[in-house]
Structure formats: structure tokens, C-alpha cells
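Hi everyone, thanks for coming. Please have a look at the sequence and the model on the screen, and then we'll walk through them together.

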Amino acid sequence: MFNQQDFARAAQALCDYGRILYSRGWSPATSSNYSVRLNEQCCALTSSGKHKGELTPADILVVDWNGHALTPGKPSAETLLHTQLYERDPAIGAVLHTHSPVAVVLSQIWPQDQLQLNGWELQKAFAGETTHEDTISFPLFANDQDIARLAALVEQHMSTQGQGHAYLIRGHGVYTWGKDLAECFRHLEALENLLGYQLELLKLRQL
């Protein structure tokens, strides 16, 4: 159902990025989960409960779009939030979910259900964005322990409002995606900085 060499390469890449994301404080302890598409039926995904700064290839498993494990390991509780993206868009090759302090704090205090950004040069780091003059939007969803219900809500939103580049879950973290891990990481890095700018603006406006 999947190529073993592709899986081995994906597993090592997820371990490498895990160390980077942990070192930046975006994936503390056992939080977060990452994945890479293997084909039109399955993806490589980090196992549940693994420390993201200490991942090894044995901590990566393969799951299908229903979230069923195809190799040894325990799928993340949030697997369906990954597979929802892969199933809806064949161009998505990687998904990163992180729990950075900036994303978690801003998601808790932002009053609207959409975070709209405009005028930041860094917006052009997202695929397809060519000018700082455009407005880019990131939806915010309430946290939910029922992941199937949350995944359905995300799909419904994307079907009516567009897929976008990322979304936030309040008090939880962010999901970003891209054609491959490199693009996905670029999107995440840009998003982290943009969220930081917005949080700093909120602080300055309180002075």
C-alpha cells in the first residue's frame, strides 16, 4: 500500500523537523504532531505521546485517511485533522501541528472567529501570496476533544470559506500545511512571526 523507502525517508525527515520545532519552543514535551503524505491513501505520522525533541524513526507510523494504523504504533488523537487535509487536497504533502506560546495565547484572547492580517511583508512567505497589500485570514476554532467533530467543522469551513494556509485552535495551537515539509515549515515560521507581531501590537495598544 506504500513504498517502504518513501516511508523511511519521511520518518527521518519528521524526526529532523521535530528537533527543530522543539528547539524553537513550538512543540514542548509530547505536544504537537507532524505528518507527510506517502500516496493517495496514507501518510506517515508521529505516534501519540512521543517527545518531539527526541523522535526516532520507530516513533513514526503509517495511517490511512480513516486514521487506522497500517504499521506498529499508536496514532495521534488528532490524526483526523491531518487526514482531512490530505483527503480534500492532493496537493498537500505535509502537515505540521504545533503548540507555540504565541499561538496558544493569541488564540485564547482573540475575540473574532477570524484573524485577519494585512500590510505585513512576511505575508508573501505563504504560497501564492504576492503582495503585503492583500488580507489573509486564519480561522479560529474552539478546542474539542471530539476530533471527528472538529475535523468535520474544519472541512465545512474550508468548503464554504476556502482552504487558506493555516488555522488556529483556541488554547491549543496551529495547523499549517504545504506541498512538502520544506514549504510547510516556511509557512509555519512565517505564521509564528506574524502571530508574534499581532500579539505585540495588542500589548502596545494597551499602553
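Leaving aside neighbours within four places in sequence, which residues is S47 in contact with? The answer is D59, I60, L61, G73 and K74, where contact means heavy atoms within 4.5 Å.

Before we go on, a word about what you're looking at. This is a predicted model, where local features need pLDDT of at least 70 and side-chain atom pairs count only at pLDDT 80 or more, while totals for chains, interfaces and linings use all residues. Residues are numbered from 1 along each chain as its sequence is written, and side-chain values use heavy atoms, with hydrogens and water left out.

Back to S47, then. You'll find S47 in the loop between β2 and β3. With a relative accessible area of 5%, S47 is buried; buried means under 20% relative accessible area, exposed means over 50%, and partly exposed is in between, using a 1.4 Å probe and protein chains only. E54 sits in the loop between β2 (42-46) and β3 (60-64), and E54 counts as exposed at 56% relative accessibility. E54 and T176 are 122 residues apart in sequence, and their C-alpha atoms are 22 Å apart in space.

Let's zoom out to the whole chain. The protein chain has five helices and eight strands. Those are DSSP runs numbered from the N terminus: helices are H or I with at least four residues, strands are E with at least two. In sequence order, the pattern is α-β-β-β-α-β-α-β-β-α-β-β-α. The radius of gyration is 16 Å, close to the 17 Å that the globule rule gives for 207 residues, so the chain is as compact as a globular protein of that length. That radius is taken over C-alpha atoms, and the rule is 2.2 Å times the number of residues to the power 0.38. Of the 207 residues, 51% are buried. If you take contacts between residues at least 6 apart in sequence, 61% of them join residues at least 24 apart.

Helix α5 covers residues 181-205, which is 25 residues, and reaches 36 Å from its first C-alpha to its last, close to the 36 Å expected at 1.5 Å a residue. The expected span is 1.5 Å times one less than the number of residues.

My last topic is the aromatic rings. How many aromatic pairs does a search of the whole structure find? It finds nine. Rings of Phe, Tyr and Trp (its six-membered ring) pair if their centres lie within 6.5 Å; planes under 30 degrees apart count as stacked, over 60 as edge-to-face, and the rest as tilted. The ring centres of Y17 and F185 are 5.5 Å apart with planes at 55°, so this pair is tilted. Because Y17 lies in helix α1 (residues 4-23) and F185 in helix α5, the pair ties together parts that are 168 residues apart in sequence. Both Y17 and F185 are buried.

F126 and F138 also form a tilted pair, 5.7 Å centre to centre with 50° between the planes. F126 is in the loop between β5 (114-118) and β6 (135-141), and F138 is in strand β6. F126 counts as buried at 1% relative accessibility, and F138 is buried at 0%. Finally, F141, Y167, Y175 and W177 form one aromatic cluster.
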